[in-house]
Amino acid sequence: TNIEASWVTGVLTGAGLPVASDKTLDISSNSLIRELVGFLAFLDSPIDNFSFACFLSGDIFLKASALTREEISSFLLENRRGERPLYTLFREKFPAVWQEHLEEYFQAVGFLPPYDLISRILKKYGVFQSFPGEEGFFYQFLEALKQSEAEEENGLKAFLDFWHGGEEKKDILQVVLPEYTDAIRVLTIHKAKGLGFPIVIVPFACLNDAPVKEVYEK
């Protein structure tokens, strides 16, 4: 079941084993992709303090800006009351960082489609170099942006609506895993039908049927 697959994935991941499952391959569950979506949500609505704070405290921004997690945490704690938009306070506190890492995208909203915007962010922040094991998630995120632009209006709000669109968007949010990938694949019994593997382990293989307690003679 989905619940059992999620639990098995967690156990194997905790043991340091390479695992491929719907949970690990879903880009919407990837922390780095969620940081980027949070950045887009902030750019779409600059008064969204929560999304901006999530991006500031995320690995992508911290690695690119060279600010420490302690500096960001201290800044967020000092300005937790939210009397002014958080980005204006950050711009005053760290003007050079704002100019170098945020101003360009803040000004580009409305002029660049989301795909081009994210492409620039990925390049500027050096995410492929900083997170070499996550390329598949970034490329699939770009595919989702491209599909959104093909199906919806070409704007941030349209993409964010697309991103939160529900189950019908699930396929485009899944990283395609090459057949030769050396990892343990965790599948529900539904998705495992018709697939062949050199080694198969079936956990929870038990029947809950009640035993036959009566015998009838013909």
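Isoleucine 199 counts as exposed, at 69% relative accessibility. Here exposed means over 50% relative accessible area, buried means under 20%, and partly exposed lies in between (1.4 Å probe, protein chains only). Isoleucine 199 sits in the segment after helix H14 (189-192). Between isoleucine 199 and isoleucine 184 there are 10.0 Å in space, C-alpha to C-alpha, and the two are 15 residues apart in sequence.

The model is predicted: local features need pLDDT of at least 70, side-chain atom pairs count only at pLDDT 80 or more, and totals for chains, interfaces and linings use all residues. Residues are numbered from 1 along each chain as its sequence is written, and side-chain values use heavy atoms, with hydrogens and water left out.

The protein has 14 helices and two strands. Helices (H or I, at least four residues) and strands (E, at least two) are DSSP runs, numbered from the N terminus. Of the 218 residues of the protein, 37% are buried. Contacts were also sorted by separation in sequence. Among those in the protein with a separation of 6 or more, 62% join residues 24 or more positions apart. Contact means heavy atoms within 4.5 Å.

The axes of helix H3 (residues 31-44) and helix H13 (residues 156-163) come within 9 Å and cross at roughly 140°. Axes are lines fitted to C-alpha atoms, for helices over the stretch in contact, and angles run from 0 to 180 degrees between N-to-C directions. H3 and H13 are therefore oblique to each other. Angles under 35 degrees count as roughly parallel, over 145 as roughly antiparallel, 65 to 115 as roughly perpendicular and the rest as oblique. The crossing of H3 and H13 is left-handed. A left-handed crossing has the near helix turned anticlockwise from the far one by less than a right angle; clockwise makes it right-handed. On the H3 side, the contact is made by Ile33, Val37, Leu40, Ala41, Leu43 and Asp44. Their partners in H13 are Leu156, Lys157, Phe159, Leu160 and Trp163. By class, this contact of H3 with H13 holds nine nonpolar, no polar and two charged residues. Ala, Val, Leu, Ile, Met, Phe, Trp, Tyr, Cys and Pro count as nonpolar, Asp, Glu, Lys and Arg as charged, and the others, Gly among them, as polar.

Serine 28 lies in the loop between helix H2 (22-25) and H3. This serine 28 is buried, at 17% relative accessibility. Leaving aside residues up to four places away in sequence, serine 28 touches Arg34, Trp163 and Leu173.

Aromatic rings were paired next. Rings of Phe, Tyr and Trp (its six-membered ring) pair if their centres lie within 6.5 Å; planes under 30 degrees apart count as stacked, over 60 as edge-to-face and the rest as tilted. The count comes to 23 aromatic pairs. Tyrosine 87 and tryptophan 98 form a stacked pair, with ring centres 5.9 Å apart and planes at 25°. Tyrosine 87 lies in helix H7 (residues 86-93) and tryptophan 98 in helix H8 (residues 95-101), so the pair ties together parts that are eleven residues apart in sequence. Both tyrosine 87 and tryptophan 98 are buried. Phenylalanine 90 and phenylalanine 94 form a tilted pair, with centres 5.0 Å apart and planes at 45°. Phenylalanine 90 is buried at 0% relative accessibility, and phenylalanine 94 is buried at 12%.
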